Amino acid sequence: MSKILTGIQASGKPHLGNLLGAILPAVELSKKAENTSFLFIADLHSMTTVKDAETMISNTKAVAKVWLACGFDHEANYIYRQSRLAGFHTELMWYLSCLTPFPMLANAHSFKDKSDSLSDVNAGLFTYPVLMASDILLYNADFVPVGKDQKQHLEITRDMAATFNRTYGECFVEPKSLINESVMTIPGIDGRKMSKSYGNHIDIFLPEKELYKTIKKIETDSTPLEEPKNPDTCLVFTMYSLLASDEQIAEMRNNYTNGGYGYGHAKKALLEVILDSFSEQRKQYDYFTANEGELEGILQKGEAKAKLIAEENISKARKLIGFA
Ligand code: ADP
Ligand code: TRP
């Protein structure tokens, strides 16, 4: 059995890029019989940027709803809010901090990228990788599916596990990152990487009318309707190709190159394919919005299950340190 673990910050509602790049592949992994998956909402990590309770609560719910809507089996696996197990996560974070050389954190990209304006950097951002390592080691995860940007954090985590084991005795698994290099970076409506921070994302869980409004904003050139168009340089076609069948893609390609087919038509087709591809997920998302008590119950159950594992592993670490 392999333990797969990944965390998603509660920094906003997951979008099409997050879904195709991270969430759906992780849900697929969780469905393999030989895996047990731990998916948690890294709300403690989000505190480095999110500073009000209302946003924290709504982001946390949105992330949990998306995972469940995408088919994550919460009975067979684990889903939890990191903050509800904060005692364990931050305790281990302290133990690991005392084994972490200062330069290792000073050289982490997540800190270094922001260190030219140090007055904006809080200590939480500096120690972010230590909390992340504790999230992973606390459950002795074998594999951690993450985006390329998290690769260094996984190297730091492995380093910390090895240092702890060398110093105090065998305790933690050295986890491996699972980085799917083949997953393309999904473009946003302005052609840059789709990202919450650029405000160029497509929220596939919006009501149809609002979803269509976002799709209509996708940037296109000004080729008139009757003229042929190049599908390979068109964002609408690129997005359509991510979801449509081979036949549908070939048909749209023909429409583009033949002319007499406008970007408005293509955008309508994109809306249809999104509604079609995600109809079950959209239904489930709305279900949990209407049944937040059930969502809360699922999370609390997940937290009770995760607590048992966290408790067992932290006890082992305490004993080795001399705190038993
Ligand atoms: P954002 O840039 O919107 O803040 P995050 O950095 O929170 O997204 O990313 C969460 C996960 O989704 C990561 O594993 C990341 O690799 C994946 N992801 C984010 N944006 C994209 C994208 N445009 N295309 C593919 N995967 C993405
Ligand atoms: N740092 C990750 C991100 O920003 C989120 C995260 C926190 C995480 N703890 C984790 C990911 C543990 C994997 C494992 O995307």
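Tutor: A polar contact here is a pair of N or O atoms within 3.5 Å. Keep that in mind as we look at this predicted model.

Student: Okay! How far is the polar backbone atom of K196 from an oxygen atom of ligand 1?

Tutor: That distance is 2.8 Å, so the pair falls inside the 3.5 Å cut-off.

Student: And which backbone atom lies by a nitrogen atom of ligand 1?

Tutor: A backbone N or O atom of M194 does, at 3.0 Å.

Student: How much of ligand 1 does the protein bury?

Tutor: The protein buries 78% of the 540 Å² that ligand 1 exposes when taken alone.

Student: How many residues surround ligand 1?

Tutor: There are 13, and the closest are H15, I186, M194, S195 and K196. The shell splits into 4 nonpolar, 7 polar and 2 charged residues.

Student: New topic: what domains does the protein have?

Tutor: The assignment gives domain 1, covering 2–184 + 291–321, and domain 2, covering 208–280. Their centres, taken over C-alpha atoms, are 37 Å apart.

Student: How many residues are in contact between them?

Tutor: 4 residues of domain 1 touch 4 of domain 2. Together the two domains bury about 420 Å², with 94% of that on carbon and sulfur atoms.

Methods. Residues are numbered from 1 along each chain as its sequence is written. Chains are lettered from A and ligands numbered from 1 in the order in which they are written. This is a predicted model: local features need pLDDT of at least 70, side-chain atom pairs count only at pLDDT 80 or more; totals for chains, interfaces and linings use all residues. Side-chain values use heavy atoms; hydrogens and water are left out. A residue is near a molecule or strand if one of its heavy atoms lies within 4 Å of it. A polar contact is a pair of N or O atoms within 3.5 Å; within protein, one must be able to donate a hydrogen and the other to accept it, and residues adjacent in sequence count only if both atoms are side-chain atoms. Accessible areas come from the Shrake-Rupley method with a 1.4 Å probe; for residues, only the protein chains shown count as cover. Ala, Val, Leu, Ile, Met, Phe, Trp, Tyr, Cys and Pro count as nonpolar, Asp, Glu, Lys and Arg as charged, and the others, Gly among them, as polar. Domain bounds come from an automatic or database domain assignment. Contact means heavy atoms within 4.5 Å. Buried area is the accessible area (1.4 Å probe) that two parts lose on being put together, summed over both.
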